Amino acid sequence: MQRFVDDVTFTIRSGHGGAGSVSFRRERYVPRGGPDGGNGGRGGDVVVRVRRNLKTLAHLTGHTAFSAENGRPGEGRKRHGRDGSAWYLEVPPGAAIHDAETGELLADITEEVDDFVLISGGRGGKGNTHFKSSTHRTPRFAQPGEPGEERRITVELRLIADIGFVGLPNAGKSSLLRVLTAAHPKVGNYPFTTKIPNLGVMRYHDHDVILADIPGIIEGAAEGAGLGHRFLRHISRTAVLALLIDVTEEHPDAVFATLLHELSAFDSELAQKRRIVVGTKCDLDPDGEYLQRLAAACGGEQVIGVSAAARSGLDAVIAQFGRMVVDLPSGEADG
Ligand SMILES: Nc1nc2c(ncn2[C@@H]2O[C@H](COP(=O)(O)OP(=O)(O)OP(=O)(O)O)[C@@H](O)[C@H]2O)c(=O)[nH]1
Ligand SMILES: [Mg+2]
């Protein structure tokens, strides 16, 4: 599959250590108390956390920098400053983190691993209490906190779609992608409006489901007709296929057969993938007759109707897509 790469570049900063405190005990009847300045807190780390339910880097876009918290300064009465909290860089498996300036690979996350520190926070400075000795009873100095680190990084992610849209030109694939996701592929009432695949992210509960809209395929696509065949490989790694068929098609059985034929001619495994038939443009089918005819034409397939134009049936499509990809990722008891 072509690599749809998503990448974002931003600066990360770990927290500065808090300064140590210079302070002396002040008590009644003790005119010159000893030093009691506490240590500064540690600066927060930048920690990488791998989260399997993330599929994109959308949560990281639109920011120029992310910072962990600074450590708090120490205070009198030997009170230590609070440590700064970490900032968690949440990434999905498959993400690679590079130094944006040098290109150096800092982390290649292939699977779910435990949290790890990418850059550490600065140490807190020692308070003046620490410097008290028999020869130096009233140190009037403390350590500053150590500075944190700053780094510009690029996080890169190869996206693999979960669901690939397959259908004849004009079936309404791009229109459906537009209403299910924030993607804005071009829609046109002529064939082959879509020339390159579009990806969109659909939310299902707190999961991202990636949908791929590919150019329409026509009879002979697998042998090179139209634009479709070059793009069939884009869906070769998706878990599920959605076969989009215009419910007003006069011969839905022939359309369904063509789609299946092209899929298997391209790669027999494509025809074995889990799939769902989506009847599109149901606004043109107020009585549901066409949808019934489509369901009959597709034999025992799962069929669901939707209208991108009227935005009807979307919840059912989202629920069904989510069920197939998120709830039943390997297809157990599906169908
Ligand atoms: N009535 C109606 N028309 C629709 C609906 N969805 C799409 N259309 C129309 O169908 C035509 C094709 O829509 P697209 O979304 O571009 O179809 P596509 O499958 O992406 O087409 P290609 O990219 O050419 O393969 C456009 O004129 C759309 O306005 C729908 O729900 N109802
Ligand atoms: Mg299109």
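Begin by selecting M202, and you will find that this residue stands opposite V209 in strand 11. The model in your viewer is a predicted one, in which local features need pLDDT of at least 70 and side-chain atom pairs count only at pLDDT 80 or more, while totals for chains, interfaces and linings use all residues. Residues are numbered from 1 along each chain as its sequence is written, and chains are lettered from A and ligands numbered from 1 in the order in which they are written.

**The hairpin and its turn**

Now widen the selection to strand 10 (198-204) and strand 11 (207-213); strands here are DSSP runs of E with at least two residues, helices are runs of H or I with at least four residues, and both are numbered from the N terminus. These two strands run antiparallel and are joined by 7 bridges, where pairing requires that DSSP finds at least two bridges between the strands. The hairpin that they form has 2 residues between the strands, and H205 takes a positive phi near 50° in it, although H205 is not a glycine. H205 counts as exposed because it has 10 C-beta neighbours inside 10 Å; the cut-off for exposed is 12 or fewer other C-beta atoms within 10 Å, for buried 20 or more, and for partly exposed anything in between, with C-beta atoms placed from the backbone.

Strand 11 is largely enclosed by the rest of the structure, because 6 of its 7 residues are buried.

**Helix 1 and ligand 1**

Next select helix 1 (residues 173-180), which is mostly covered, with 6 of its 8 residues buried.

Which residues are the closest to ligand 1? They are S174, N189, T194, G216 and A309, out of 24 residues that surround the ligand, each with its C-beta atom, placed from the backbone, within 6 Å of it. Helix 1 supplies the largest share of this shell, 3 residues. By type, the shell divides into 9 nonpolar, 12 polar and 3 charged residues; Ala, Val, Leu, Ile, Met, Phe, Trp, Tyr, Cys and Pro count as nonpolar, Asp, Glu, Lys and Arg as charged, and the others, Gly among them, as polar.

Move on to R311, in the loop between strand 14 (303-305) and helix 6 (314-327). R311 has a positive phi of about 50° although it is not a glycine, and it counts as exposed because it has 11 C-beta neighbours inside 10 Å.

**The two domains**

Zoom out to colour domain 1 (1-159) and domain 2 (160-327) separately, with bounds that come from an automatic or database domain assignment. Their C-alpha centres lie 47 Å apart.

Finish with an open sheet of 3 strands, which has the order 4-2-7 and mixed pairing. Its edge strands, strand 4 (87-91) and strand 7 (116-119), each pair on one side only. Strand 2 (residues 46-50) pairs with strand 4 in the parallel sense over 5 bridges, and V50 has V91 as its bridge partner in strand 4.
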